[in-house]
Amino acid sequence: MQPIYIPHLLKMPQTRQTLYLDQMVPELETLTPVRGELTVRHGGTFLEVTLKAETIVTLLCDRCIQNYNHRLVVETSELIWLDKTQGEEVPGAERELAWEDLSETLPPDGHFDAEKWLYEQLMLAHPLRRLCGKACQAPVPPPGEALRDQRWSALEILKQQLSSQN
């Protein structure tokens with residue numbers, strides 16, 4: 001997916017471009033391609049970006065530590081302000097920020113990276129609490145044994161090595 005050159009949007013019908021999605025997104029592991037549509041509309045001093053998309057991802061349950069498939073459905077929109085001073089700041093220089101500076105801005109003669117924006121929206125759509133189901137139960141250890149999460153085994157080995165050196 002190529003970045004969209006913002007001035008070209010002004011020449012398009014209704015000053016908008018619609019991208020129909022049916023593709024894998026780099027750096028995002030999904031079982032199915034991302035399907036839907038992403039529309040970018042030039043509003044003069046802002047871009048209005050809307051997304052309706054879905055895909056299936058494999059997540060790790062926070063409770064039972066098993067993999068499960070989850071359907072991600074994203075329906076969102078965002079206004080991105082076009083600011084001529086965007087990108088003119090000196091890198092590493094300090095400046096004060098006002099509340100209105102805490103919004104996304106792009107230069108009006110720049111590019112909108114639709115693929116990066118799509119990736120960000122899909123990542124934000126991941127559930128905060130990842131449970132494989134309502135009936136999910138934590139694993140029960142065998143009688144007389146403590147339940148151990150194997151993900152901590154490397155740390156346990158390091159801890160034993162450090163205690164043997166002292």
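This is a predicted model: local features need pLDDT of at least 70, side-chain atom pairs count only at pLDDT 80 or more; totals for chains, interfaces and linings use all residues.
## Overall architecture

Read from the N terminus, the order of the elements is β-α-β-β-β-β-β-β-α-α.

The chain has 166 residues, of which 23% count as buried. Among contacts with a separation of 6 or more, 59% join residues 24 or more positions apart.

## The nonpolar cores

The largest nonpolar core has 23 residues, and the members that touch the most others are Leu38, Val40, Leu47, Val49, Leu51, Phe112 and Leu118. At least two residues of this core come from each of helix H1 (6-9), strand S2 (16-23), strand S3 (34-42), strand S4 (46-60), strand S5 (67-82) and helix H2 (114-124). Apart from this core lies another, made of seven residues, including Val57, Leu59, Cys64 and Leu72.

Phe112 has a relative accessibility of 4% and therefore counts as buried. Beyond its neighbours within four places in sequence, Phe112 is in contact with Pro3, Ile4, Ile6, Val40, Leu47, Val49, Ile80, Leu106 and Trp117. Gln121, a residue of helix H2, is also buried, at 13% relative accessibility. Not counting residues up to four places away in sequence, Gln121 touches Leu51, Val74, Thr76 and Glu78.

## Aromatic pairs

Two aromatic pairs are present in the structure. In one of them, the ring centres of Phe46 and Trp81 are 5.7 Å apart and the planes stand at 70°, so the pair is edge-to-face. Phe46 belongs to strand S4 and Trp81 to strand S5, and the pair links parts of the chain 35 residues apart. Phe46 is buried at 17% relative accessibility, whereas Trp81 is partly exposed at 37%.

The pair of Phe112 and Trp117 is tilted, with 6.3 Å from centre to centre and 55° between the planes. Trp117 is buried, with a relative accessible area of 3%.

## Salt bridges

Side chains of opposite charge can pair when their charged atoms come close. The whole structure holds three salt bridges. One of them joins Arg35 to Asp22, with the closest N and O atoms 3.1 Å apart. Arg35 in strand S3 and Asp22 in strand S2 are separated by 13 residues. Arg35 is partly exposed, at 42% relative accessible area, while Asp22 is exposed, at 52%.

Arg41 forms a salt bridge with Glu48, and here the closest N and O atoms are 2.9 Å apart. Both partners are partly exposed: Arg41 has a relative accessibility of 22% and Glu48 one of 27%. Arg71 and Glu54 also meet in a salt bridge, at 2.6 Å from N to O. Because Arg71 lies in strand S5 and Glu54 in strand S4, this pair ties together parts that are 17 residues apart in sequence. Arg71 is exposed, at 52% relative accessible area, and Glu54 is partly exposed, at 35%.

Leu158 is part of helix H3 (residues 153-165) and is partly exposed, with a relative accessibility of 41%.

Definitions and conventions
Residues are numbered from 1 along each chain as its sequence is written. Side-chain values use heavy atoms; hydrogens and water are left out. A nonpolar core is a set of buried Ala, Val, Leu, Ile, Met, Phe, Trp, Tyr and Cys residues joined through side-chain atoms within 4.5 Å. Buried means under 20% relative accessible area, exposed over 50%, partly exposed in between (1.4 Å probe, protein chains only). Helices (H or I, at least four residues) and strands (E, at least two) are DSSP runs, numbered from the N terminus. Contact means heavy atoms within 4.5 Å. Rings of Phe, Tyr and Trp (its six-membered ring) pair if their centres lie within 6.5 Å; planes under 30 degrees apart count as stacked, over 60 as edge-to-face and the rest as tilted. A salt bridge is a side-chain nitrogen of Lys or Arg within 4 Å of a carboxyl oxygen of Asp or Glu.
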